Amino acid sequence: MTATGRPAAARRTPAAAERPRSGGSGPPVQGLSGRPAALRPVARDTPATVEIAPSQVDLSVDLGRGLVLPNPILVASGTFGYGIEYGDVVDVNRLGGICCKGTTLRARIGNPPPRVTETPGGMLNSIGLQNPGVDAVIEKYARTWATWRAPVLVNVAGESVRDYVEVARRLDGVPGVAGIELNISCPNVGAGGLQFAIDAGAAGEVTAAVRRATDLPLLVKLSPNVADIRPIARAIADAGADALTAINTLSGIALSPRRDRPLLGNIYGGLSGPAVKPVALRIVYEAVQTVKIPVIAIGGVTELSDVLDFLAVGAVAVQVGTAIFADPTVPIRLVDELAVVCARRGMTSYRDLIGTALPPGKGRPSAKGVEYRP
Amino acid sequence: MRLAAAELVDSREILPGQWLQSYHAPDLAIGSRAGQFVHARTGDFSGLVLRRPFSLNTADPSTGIITIHFRVVGRGTEWFTHLRPGDAIDLLGPLGRPFEVDSRSQHILLIAGGLGIAGVRMLADEAIRAGRQVTLLFGAASARDVYPSSLLPDEVEYVVATDDGTLGHHGFVTELVTDYEGWADQAFACGPTPMLAVLAQLVAGRRDRLGVAKLGRRRGGGRTAPAGSPAARRKAFLQVSMEQNMGCAVGACLGCVVMTTSGTPQRVCREGPVFAYDEIAWQGGW
């Protein structure tokens, strides 16, 4: 990734900088057990004595294994294509990261249309992982990605452990590929997507297999379509994932205007948008208290208050998805607004916003990746 | 493609449930071509998360005015009807690829089913400006749904069919096509998918005997352009403008695809909405 223009050394996390998960000391991660209210930086709404300019606020997110996001606002898989589609409308270099369209080993034509429909406060989609296959994705886009400041995480989907492993191997070492977001939860592929995500054993198995296949930063995306996320999150973390992303879409259906059949060609679709935000908040809240690796939140992020909510329940970053369709400029505006809010509260780092709504006595959740220990 | 501010100039219900709105949007009026569309954001942020795609019905570079023509089908389209002159909305556009007219085509046949008129309306303006003759075949359920001739340029020959026979030909608009296919150098259609499928069937297998092909080969005409390229579409007798539920409208979400004869789904928003009739797999193919 030296081709991104950042010196490689700056992106590596020195082992010496590693801090204990909780009970650690010193900014920017304040792992304060019990968090005395007086020390809670977020409660400070009065202007700081030292003026801080928004540009001085540290928005960087260290996910470990050398992956440092320039800011905590990413774009979610499936809503931003391969990063090039919005052209001049969005300056990709200002994004915190880009999760590309779900990528599989072989090309897929996806599901029959209609594939999308609007629902109250959200939308359903059932694209069915249409993509040209990992080799074509690398050939067509990786060279462009390597020139961007924003890291590109390739969202990887598959129908078997072997598929996932093979895709990960092919992405390993490709300039322009900053990491992998493992989609074990896409509810649209009948043949197996759902099974990995709803079973702790299967989720751990596929994570461990991909972990062995690549040294790339590995994020695993959680499905909300489960009774209890905690054992699954734990299994994925134990299997060596560097971070979790949550949540994928909720399974749902919509009806045709005449109510004579389901509307979507695939019958089932995934619900996204503001309608799913409370579910996402709950799952992030539970996941951050279960695992020690960072959690990136997805689910209806549309305005700054959504970002602040997800940070408050312990997410280190957010992904913007459905909101991009209404306004492609949302993610970059959120980056600016987050910096302004931090500066106004006298914060030198946005990390002070993380975990403020978690139960006391738990310590701050991880805002930094675990250093790679082979 | 750009995000452009558009100010409502005029809004009226021209047919039951169908609205014609004019917006001042110079950025879009200049450089847009017939067949392209805009993606309009509603101001109802309480529950509507998607934009609404509208064909560019007309675009006048000299005044900076564009028009859209739509039917109220839900809360989003309803929202637009409540706008008042002076209100501003945000349009993403121009999007998609336009109709491709062969430079030799003198006789342009437009075929519209119902609201499909919005998809081909601007091509009438473009063709007349280029000195071509235009015939519009228009089909609707009933006389009350027939597009007012006063909204068409005087030069257009306007032929109407209604399903119930209350105006013009009694039957489907597709039944009128045989009378005009010999006259036409190229045909351009927009309407319900079954209508477009019938038109494609009428044309299928006769590519060398219809339209521009019968005008003779051009220099270098022996080369075959890749399917889906503007050059290949320009050679097609029939081009169709397709409709599909849409998400992003820029090609990112892959929500609005149609199956093509190549076996690969193509995006209506990016490779379309205009396709040559023989690009589309009319029977599906999934």
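1. Starting with chain A: helix 3 of chain A passes helix 5 of chain A in a right-handed crossing. The residues making the contact are Val161(A), Tyr164(A), Val165(A), Ala168(A) and Arg169(A) on the helix 3 side, with Glu205(A), Val206(A), Ala209(A), Val210(A) and Ala213(A) on helix 5. Bear in mind that this is a predicted model.

2. On the geometry of that pair, helix 3 (residues 161-171) and helix 5 (residues 200-213) of chain A pack at about 30°, and their axes are 9 Å apart. Helix 3 of chain A is therefore roughly parallel to helix 5 of chain A, since angles under 35 degrees count as such.

3. Now the core. The largest nonpolar core runs to 199 residues, and Leu244(A), Val284(A) and Leu110(B) have the most contacts inside it. Domain 1 (2-95) and domain 2 (107-279) of chain B each contribute at least three residues to this core.

4. What does Leu110(B) touch, leaving aside neighbours within four places in sequence? Its contacts are Val120(B), Leu123(B), Ala124(B), Val134(B), Leu136(B), Leu137(B) and Phe188(B).

5. Finally, the two domains of chain B. Chain B splits into domain 1 (2-95) and domain 2 (107-279), and their C-alpha centres lie 22 Å apart. Across the boundary, 20 residues of domain 1 of chain B are in contact with 21 residues of domain 2 of chain B. On the domain 1 side, several strands of chain B each supply at least two of the residues that touch domain 2, including strand 1 (2-15), strand 6 (65-71) and strand 7 (88-95).

Key
Residues are numbered from 1 along each chain as its sequence is written. Chains are lettered from A and ligands numbered from 1 in the order in which they are written. This is a predicted model: local features need pLDDT of at least 70, side-chain atom pairs count only at pLDDT 80 or more; totals for chains, interfaces and linings use all residues. A nonpolar core is a set of buried Ala, Val, Leu, Ile, Met, Phe, Trp, Tyr and Cys residues joined through C-beta atoms within 7 Å. A residue is buried if 20 or more other C-beta atoms lie within 10 Å of its own, exposed if 12 or fewer, and partly exposed in between; C-beta atoms are placed from the backbone. Domain bounds come from an automatic or database domain assignment. Two residues are in contact if their C-beta atoms, placed from the backbone, lie within 7 Å. Axes are lines fitted to C-alpha atoms, for helices over the stretch in contact, and angles run from 0 to 180 degrees between N-to-C directions. Helices (H or I, at least four residues) and strands (E, at least two) are DSSP runs, numbered from the N terminus. Angles under 35 degrees count as roughly parallel, over 145 as roughly antiparallel, 65 to 115 as roughly perpendicular and the rest as oblique. A crossing is left-handed if the near helix is turned anticlockwise from the far one by less than a right angle, and right-handed if clockwise.
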